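Have the structure open while you read.

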Amino acid sequence: MAFRVGVLISGEGSNLQALLDQVHGRDGIEVACVASSRAGARGLERAEAAGVDSAVFAKADHPDRDARDAALGNWLDDHGIDLVVLAGFMEILGGPFIRRFEGRLINVHPSLLPAFPGVRAIEQALDYGVQVSGVTVHYVDAGVDTGPVVLQEAFELPYARAVEDVERVTHEIEHRLLPRAVRLIATGAVSRDPSNARVVRVDESA
Ligand code: GRF
C-alpha cells in the first residue's frame with residue numbers, strides 16, 4: 001500500500017516538481033493528487049505532465065472559505081491521502097481543515113522560523129539585515145507558520161545580497177529539504193516528543 005501524498009499549490013510549483021522528481025514513485029511514496037487555489041497555475045501543468053490527478057479549489061467558486069476548505073478536504077480524503085503538503089499554497093486554511101488533517105499537514109517556508117513568518121519572508125529577512133537565513137519544513141497548526149519544525153537548513157546571507165540571489169539559494173534548499181522531509185515522514189522516521197509536542201524527532205537511521 002503506497003504512502004499517498006496530496007500537494008497544494010498556488011503558482012509556479014517548483015517544489016511540487018521536486019517532489020515529483022525525487023519522491024514520486026519511489027520508496028512506496030506516490031504523489032496522488034495536486035490541488036491549486038488558482039486556475040492556470042503553472043504547477044497544474046507539472047501535475048498533468050506527471051500524470052497526477054489535479055483540480056482547482058478557488059475561494060471564488062465557493063460560498064466562503066470554510067465551504068472551499070471542506071470541498072478540498074473531501075477531495076483529498078477521496079484520494080486516500082496520508083500526508084498533505086503545502087508547497088507554495090498562498091492562502092490561509094481555516095481551523096476545521098487544519099484540525100481535520102492535524103499531524104498529516106506540512107508546509108515549506110522560506111525562512112528560519114520563527115523568524116519572518118507570513119508572506120514575503122525573504123524580503124522581510126533582507127530588510128531586517130539578518131546574516132543567516134534558511135528554509136523550514138514544519139507541521140501546520142492554527143497559527144501562521146507556527147507549527148512544530150520538522151527540518152531546517154540555514155545559509156549565510158552576506159551584506160547586500162540581491163533578492164533574486166537569495167530566492168535562488170532558498171529554492172535550491174527547498175527542493176532538497178521538502179522531498180527529504182516527505183521521505184522521512186513516509187518511512188516512519190518522524191515522531192513527536194511525548195514530553196513536548198513542539199519537538200519533532202527525526203530518526204535518519206529508521
Ligand atoms: C516557496 O518559496 C515556498 O517556500 C513558499 O512559496 C514558494 C513556492 O514556490 N511557501 P514554488 O511554487 O514551489 O515554485
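## The model and the approach

Bear in mind that this is a predicted model. Two packed helices are described by the angle between their axes and the distance between the axes.

## α1 and α2

Start with α1, residues 14-22, and α2, residues 42-49: their axes sit 9 Å apart, at an angle of about 15 degrees. Angles under 35 degrees count as roughly parallel, and α1 and α2 are therefore roughly parallel to each other. The crossing here is right-handed.

On the α1 side, the contact comes from S14, L16, Q17 and L20, while α2 brings G43, R46 and A47. Sorted by class, that gives three nonpolar, three polar and one charged residues.

## α5 and α6

Next up are α5 (residues 121-128) and α6 (residues 163-186), packed at an angle of about 125 degrees with axes 10 Å apart. That angle makes α5 oblique to α6. The α5/α6 crossing is right-handed.

Who meets whom? I122, E123 and L126 in α5 touch V163, V166, E167 and T170 in α6. By class, this contact has four nonpolar, one polar and two charged residues.

## The buried face of α5

Which residues of α5 are buried? They are A121, I122 and A125. Looking down the α5 axis, these buried residues fall within an arc of 100 degrees, so they line one face of the helix. They pack against β5 (105-109), β6 (132-139) and α6.

Note on methods
Residues are numbered from 1 along each chain as its sequence is written. This is a predicted model: local features need pLDDT of at least 70, side-chain atom pairs count only at pLDDT 80 or more; totals for chains, interfaces and linings use all residues. Side-chain values use heavy atoms; hydrogens and water are left out. Axes are lines fitted to C-alpha atoms, for helices over the stretch in contact, and angles run from 0 to 180 degrees between N-to-C directions. Helices (H or I, at least four residues) and strands (E, at least two) are DSSP runs, numbered from the N terminus. Angles under 35 degrees count as roughly parallel, over 145 as roughly antiparallel, 65 to 115 as roughly perpendicular and the rest as oblique. A crossing is left-handed if the near helix is turned anticlockwise from the far one by less than a right angle, and right-handed if clockwise. Contact means heavy atoms within 4.5 Å. Ala, Val, Leu, Ile, Met, Phe, Trp, Tyr, Cys and Pro count as nonpolar, Asp, Glu, Lys and Arg as charged, and the others, Gly among them, as polar. Buried means under 20% relative accessible area, exposed over 50%, partly exposed in between (1.4 Å probe, protein chains only). The arc is that of the directions from the helix axis to the C-beta atoms.
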